[in-house]
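Visitor: I'd like to learn how to read helix packing and surface patches. Could you walk me through a case?

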Amino acid sequence: MTVAQPRLATAQPPAVVADEAERVVEHRRPTGRRRAKQLAVYATLTVFAVIFTYPFLWLVSASFKPRSDVFDNLLIPKNFTVENYVQIWAEAPIGVWLINSAIVTALAAVTVTVSSAMVAWGFAYFRFRGRNALFALVLATMMLPGAVTMIPTFLIWNGLGQTGTLTPLWAGNLFGSAFYIFLLRQFFLGLPRDPFEAARIDGAGNWRIFWNIALPLCRPALAVTFLFEVQAAWTDLLRPLIYLRDADTFTIPRGLKALLDQFGFGGEWHWELIVTASVITTVPMIIIFFLGQRQFVDGVATTGSKG
């Protein structure tokens, strides 16, 4: 009885291999129609990029113009000057307002991220009666307009003696946010339970499981929550208008409102100072976005694929 010998693969000649590689490259090379589509997409994106960036470019350009040239719509100033930046720092305590906004923004972002993550973890991990109904109640608070709770919230802070301070601008985030709770809960639901159950078997408590295992796994979602709240707290004007009275406690939006009243409508019409202050207050947000751009994009993509 003869045993069939295995057929050995024969090496192809170099010319055949080269021809196959050339065909693969030719297949992957973009055709004329595909290249036209790519050019159309790039052209469309370029047009929209110019449209969205033009207002800020105009703002920066106007900040380096004298009063008579602010509205000439030229991106390159005819009479370049930096006097506006010197004058605005002398006319208003911009540095104090920046520090106040930085304090409020940091405290608001950190507190709402941690508190919302804790609540979201409870809704996602623990099984208890009435969990879905309670979560629906939390989501229902998103339907309430801010004007409904504005007066009761003010009375609470006024009763605590905190009006005129920065505390009401961030301390409410200690109780979480319905939107962020929903966002983080959806991410937690997409995580496997095996690592948490293994940690529990090893003797880890609920807090250690949450802090050492759950939070590191949801870092992208936490980055999204943090950056969202940074933007919301930095640009918030309504609460500073309600609670702040002294110029030394103003945040950046409240300070811009005061400058607008003084130099803008009904004031001295020094619009070059208004646009200069606007540039100063916008630059920190641009820096934060570029520093956290990668985490933000990864977090949005990862969160969108969960649950």
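Predicted model: local features only at pLDDT ≥ 70, side-chain atom pairs only at ≥ 80, totals over all residues.

Visitor: At what angle do the axes of α9 and α10 cross here?

Guide: Roughly 75°, with the axes of α9 (residues 206–217) and α10 (residues 219–234) coming within 5 Å. Angles from 65 to 115 degrees count as roughly perpendicular, so α9 and α10 are roughly perpendicular to each other.

Visitor: Which residues make that contact?

Guide: On the α9 side, Leu-215, Pro-216 and Leu-217; on the α10 side, Arg-219, Pro-220 and Leu-222. Sorted by class, that's five nonpolar residues, one charged and no polar ones.

Visitor: And how do α4 and α12 cross?

Guide: Their axes come within 8 Å and cross at roughly 145°, with α12 spanning residues 252–263. From α4, Ile-94, Trp-97, Leu-98 and Ser-101 meet Ile-252, Pro-253, Gly-255, Leu-256 and Leu-259 of α12. The class count for this contact is seven nonpolar, two polar and no charged residues.

Visitor: Now the surface. Which residues make the nonpolar patch?

Guide: For a patch, look for residues with over 30% relative accessible area. Here Val-110, Val-114, Met-118, Trp-207, Trp-211 and Phe-226 make a nonpolar patch of about 560 Å².

Visitor: Which element gives the most to it?

Guide: That's α4, with three residues; Val-114, for one, lies in this helix. The elements giving two or more residues are α4 (94–125) and α9.

Note on methods
Residues numbered from 1 in each chain as written. Heavy atoms only, no water. Axes fitted to C-alpha atoms, helices over the stretch in contact; angles between N-to-C directions. Helix = DSSP H or I, 4+ residues; strand = E, 2+ residues; numbered from the N terminus. Parallel < 35°, antiparallel > 145°, perpendicular 65-115°, else oblique. Contact = heavy atoms within 4.5 Å. Nonpolar A, V, L, I, M, F, W, Y, C, P; charged D, E, K, R; others polar. Patch = residues over 30% accessible without salt bridge, like charges linked within 9 Å, V, L, I, M, F, W, Y side chains within 5 Å. Areas by Shrake-Rupley, 256 points an atom, 1.4 Å probe, with all protein chains shown as cover. Salt bridge = Lys/Arg side-chain N within 4 Å of Asp/Glu carboxyl O.
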